[in-house]
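Me: Please go through this structure with me by question and answer, giving the cut-off behind each term.

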Amino acid sequence: MTLELTRAALPQIGQWASTDELSDLQDRQLPELLRWAARSPFYRARLGATHPSTRAEFESLAPTTKQDLRDNYPFGMLAVDRADLATYHESSGTAGSPTPSYYTERDWTDLAERYARKWIGITPADVFLVRTPYALMITGHLAQAAARLRGATVVPGDNRSLAMPYSRVVRVLHDLGVTLTWSMPTETLIWAAAARAAGHEPGRDFPALRALFVGGEPLSPARRARISEIWGVPVIEEYGSTETGSLAGECPHGRLHLWADRAIFEVYRPDTGDLVREGIGRLVVTPLYREAMPLLRYDLADDVEVSYADCPCGWHLPTVRVFGRAAFGHSVGSAKITQNRLEELVFGLPASFGVLFWRARAERDRLRVQIEVAAGHRAAATAALTAAIHVEYGVRAAVEGVEPGTLVPERVLTAVHDVVKPRSLFGADEDWGKALLYH
Ligand SMILES: [Zn+2]
C-alpha cells in the first residue's frame, strides 16, 4: 500500500465497534510503521537484522526513551528525506541536550485531525484564540492546524510573546468575539483577573465564548469546575506532547479517551519492568501513522492510569487518567503534600471568596500557604482552608490571606507593551539607548 493510500485511510471514530476491532485496526497498520521505522539510522541500528513485522515481535522490543531522542539529536531518528520535513520542534523545559521532533506534511494531517477531535467541535464560524507558545514547541502549531483544518479563524496569541500581554488577550477575547481558546488552565484564571481589571465580568461580558480547551498542566476537578463557573462555559481537556502531538481528548461524557486508532498505547510498570495493556504506570506510545520520525514504544515518562472499561459515548477507545507530576510531592512531618490535592482544597473554597491564585511551601513541621483574597473574605477563607488542610493531612498549616495583586501583580494584568522594530538612526531629542532592540 502506498503512503498516500494509507493517508486517505486514516481511521475515523465510528469505524470500529469493539476493542477487538480496534486492535485489528492497529495490527493492520503496524507492519507499515515498522518498515518506516527501519529507515531511520536509530532503529536500523537497534533492530539490526530482526525486521519485526508482527505484534508479537513488536512486543519484544525495548522501549524508546527520551534520552534516545536526545542522544540522536538532531536527525538520528529521521526516516524520510530531509526535504520532506514540514516542521522541526523541540520539547520545553529541561536544560542540556534538546529533545527533537519533526513531522512531514502528511504527518500533519494526522496531527491536526487528532487535535480537532473535540466533542464540542470546531467549525468555520469559530474564532479560535491560540494562547500557547509557537516557538519550538508543537502546541501552538497543533491548535492552529486543527482550527484551520475545520475552517475556523485563528487568532495567534502566543503566551510567551511580548506582543501579547494580558490586556491584549482580554481585548481580543472581547472585541473579536472569540468562541474557543487553547491554553494552559492557569492562563484562563489570569484572563479572568485581567478581564476584571479592564472592567469586564468574565461570565457576562464575553457572550460569544463557547468553550475553553486546556492542557499542558495538571488540573484538579475543583479547579476545572471553578474555571467553568467563572467563564460560564465548558472546560475541555486535551492531553499530548511535543514528541507525539495529541494523544487523548474528551468525549461528551467528560472522560479523556486515548486515540488508540492512531497509536498503540501501553503501560510500563517500573516495579516489574513489564509493559501491560492497562492499569497504573508510565504511558508508552507508538504513533501508527508517523513517517518522519517513527517512535516504537516511546516512554513518555508520564504517570497515568489506562482503562478499557465501557464509556456511554460508544467511541470504544480506552480512557486515561493523567497524573503527570501530580504524584510528586513534598513532605511535611510524615504527610506527603501533592499540588493536585492541595489545589483541590483551595478551589474547594466557596466561589464567593474569589480566590484565584495561591502558593504553598512545605516546611519541616508546617505547610505554609498564601492565598490572594479580598479583605472582606480573608478571615473566613483562611480559617476554612486551615481546617480543610488539617482534615486532609493532619498537619499544621499557616494560611495567610494576602491582598489581591500580591501573587499576580496588577501591572501584569494591565500592562501594555509596545513592541517596535529595531532602528539605528535617532533624532537629537530621542533616546538612542533604544537602538537595535525590540522596545
Ligand atoms: Zn467516552
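This is a predicted model: local features need pLDDT of at least 70, side-chain atom pairs count only at pLDDT 80 or more; totals for chains, interfaces and linings use all residues.

Reply: Residues are numbered from 1 along each chain as its sequence is written, and side-chain values use heavy atoms, with hydrogens and water left out.

Me: How many residues of domain 1 are in contact with how many residues of domain 2?

Reply: The domain assignment of the protein chain gives domain 1 (10–325) and domain 2 (330–408); such bounds come from an automatic or database domain assignment. Taken over C-alpha atoms, the centres of the two domains are separated by 32 Å. Contact means heavy atoms within 4.5 Å. On that basis, the contact involves 14 residues of domain 1 and 11 residues of domain 2.

Me: What is the volume of the second largest pocket?

Reply: On a 1 Å grid over the protein atoms alone, a pocket is an open set of points where a 1.4 Å probe fits, with protein on both sides within 12 Å along at least five of seven lines; lining residues have an atom within 4 Å of a point. Grid points are joined across faces, edges and corners, and a volume is the space filled by probe spheres set on the points. For the second largest pocket this volume is about 570 Å³.

Me: Which residues lining the second largest pocket are the closest to its centre?

Reply: The lining draws at least three residues from each of domain 1 and domain 2. By residue type it divides into 13 nonpolar (Ala, Val, Leu, Ile, Met, Phe, Trp, Tyr, Cys and Pro), six charged (Asp, Glu, Lys and Arg) and six polar (the others, Gly among them). Of the 25 lining residues, the closest to the centre are Gln339, Asn340, Glu343, Trp358 and Ala360.

Me: Which element supplies the largest share of the lining of the second largest pocket?

Reply: Helices (H or I, at least four residues) and strands (E, at least two) are DSSP runs, numbered from the N terminus. At least two lining residues come from each of α9 (185–197), β15 (329–332), β16 (335–338), α11 (339–346) and β17 (358–362). The largest share, five residues, comes from β17.

Me: Why is the pair of Phe75 and Tyr88 edge-to-face?

Reply: Rings of Phe, Tyr and Trp (its six-membered ring) pair if their centres lie within 6.5 Å; planes under 30 degrees apart count as stacked, over 60 as edge-to-face and the rest as tilted. The structure holds nine aromatic pairs. In this one, the ring centres of Phe75 and Tyr88 are 6.0 Å apart, and the pair is edge-to-face because the planes stand at 65°.

Me: How many residues apart in sequence are the parts tied together by Tyr115 and Trp182?

Reply: The rings of Tyr115 and Trp182 have centres 5.2 Å apart and planes at 80°, so this pair is also edge-to-face. Both residues are buried (under 20% relative accessible area; exposed is over 50% and partly exposed in between, with a 1.4 Å probe and protein chains only). Tyr115 lies in helix α6 (residues 105–115) and Trp182 in strand β5 (residues 180–183), so the parts tied together are 67 residues apart.

Me: Is Arg297 buried or exposed?

Reply: Arg297 has a positive phi of about 50° although it is not a glycine. Its place is in the loop between β12 (279–287) and β13 (298–307). With a relative accessibility of 3%, Arg297 counts as buried.

Me: Which residues does Arg226 touch, not counting residues up to four places away in sequence?

Reply: Arg226 has its place in helix α10 (residues 221–231). At 10% relative accessibility, Arg226 counts as buried. Beyond its sequence neighbours up to four places away, Arg226 touches Phe347, Leu349, Pro350, Ala351 and Val355.
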